[in-house]
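Dear colleague,

I am passing this structure on to you, and I would be grateful if you could look it over before reading the notes that follow.

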Amino acid sequence: MSLDELLATRSAIIVKTDVRAAFTGFARYRLYDRGSYEWLDVPADDRLGTIVEAFCGERKRCVASRVLRLVPGDYVLARHDPVRERGTIEVVVDLSPAPVEGAEVQYRQHGQVFFRMPCEPGTAAVVPCGPTVTANHSYVSKLRTGGEVVRWIAVFA
Amino acid sequence: MWQPLRDIAPLAEAWRTAEPFPHVVVDDYTPAGDLMTALDDFGVNRYESDLFAFEATAPDALDPLAAGFAATLGPQLAQITGKRIRSADMRAYAYRPGHYLLPHTDHQDGLERVLAYAYYLPTPEPPRGGELELYRCTVTGGTLATIEPAHVIEPAPWRLAVFDVSAVSLHQVREVLAGLRLSLAGWFYP
């Protein structure tokens, strides 16, 4: 890992956003050694591209766009995370109906968490990524009845 | 501290026929000494990752207890499971509300774990949740292709659960929703 890569990942931020969207037609993922969640691939959206442009000062191309929905008992482990290309930017928009305590996206470098995105509707995380970065969606506790986490995740290159 | 198991033959039969993968449950496996008082000397710390959240003793804190455990049970478990066993490790775990251990197999190349065990202890607040859940898996191309919940073992006091470690021995500790789940757990090694 280069110093540039280390510093880039440490520039991850959380911003306020007015991006709102509702999706239907989720499929459930059930390979429990990797994750338990619902997912839906969705088209790229200019609003997310604008968030990235404001962060890095240039327009980038969306290469992946997916919405994840997690309910109590759900999670996504870091080992399930796809390998990221060097220099990509990941945007996570929180579309959850309400905050869910303890539900986070945790970005890791060599296993160590360097950035946490709590479940706060109306916020977006912008995270510079590379091959040494993985992310997981923490377990959603069954103690929080009705907790629903919806995250729109797009990757820009 | 440890006493030998009784009636090995039915346990061996239970091991051979267990689903979704080999395991055996021994109830009323009470210790030969005052185990709970002995454990009072050891503190626990919180451990957390993407896979788990719980409190546990340091990895080697209970090595003397583990050595006696392996010396007493190892030869009998070898008869039950057909596996060579020479040593064990052991940690004490405290699962409080919100604690969990998500599905995993315990199988890692180079670690040589052959059996896993959980020994459930009495607790002042019996837990709701905290069950050991075993999954039935199929493998395609070296990875798990289908996974279905198949069997649940309740964390009853003085219950010893021993199960196989393999690429398909997927299991989890369900989230504790109330109370306190206390256990000793670890692996046996060849």
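**Where the two chains meet**

In this predicted model, the contact between the chains draws on 15 residues of chain B and 14 residues of chain A. On the side of chain B that touches chain A, strand E6 (100-104) and strand E10 (143-153) each supply at least two residues, and the largest share, four residues, comes from E6(B). Sorted by class, that side of chain B has ten nonpolar, three polar and two charged residues.

**The core**

The largest nonpolar core has 87 residues, and those with the most contacts inside it include A:Val52, A:Val91, B:Leu115 and B:Tyr117. Leaving aside residues up to four places away in sequence, B:Tyr117 touches B:Leu160, B:Ala161, B:Val162, B:Ala185, B:Gly186 and B:Phe188.

**A bent helix in chain B**

Helix H3 of chain B, residues 63-81, spans only 23 Å between its end C-alpha atoms, whereas a straight helix of 19 residues would span 27 Å. H3(B) bends by about 45° at B:Leu73, and a proline, B:Pro75, follows within four residues. B:Leu73 is also one of the buried residues of this helix, among them B:Leu65, B:Phe69, B:Leu77 and B:Ile80. The buried residues of H3(B) pack against several elements of chain B, including helix H1 (8-17), strand E7 (115-120), strand E11 (160-164) and strand E14 (181-189). Just after H3(B), B:Gly82 takes a positive phi of about 75°.

With best regards

Key
Residues numbered from 1 in each chain as written. Chains lettered and ligands numbered in written order. Predicted model: local features only at pLDDT ≥ 70, side-chain atom pairs only at ≥ 80, totals over all residues. Core = buried A, V, L, I, M, F, W, Y, C linked by C-beta atoms within 7 Å. Buried ≥ 20, exposed ≤ 12 C-beta atoms within 10 Å, placed from the backbone. Contact = placed C-beta atoms within 7 Å. Expected span 1.5 Å × (residues − 1). Bend = angle between axes of the 7 residues up to and from the residue. Nonpolar A, V, L, I, M, F, W, Y, C, P; charged D, E, K, R; others polar.
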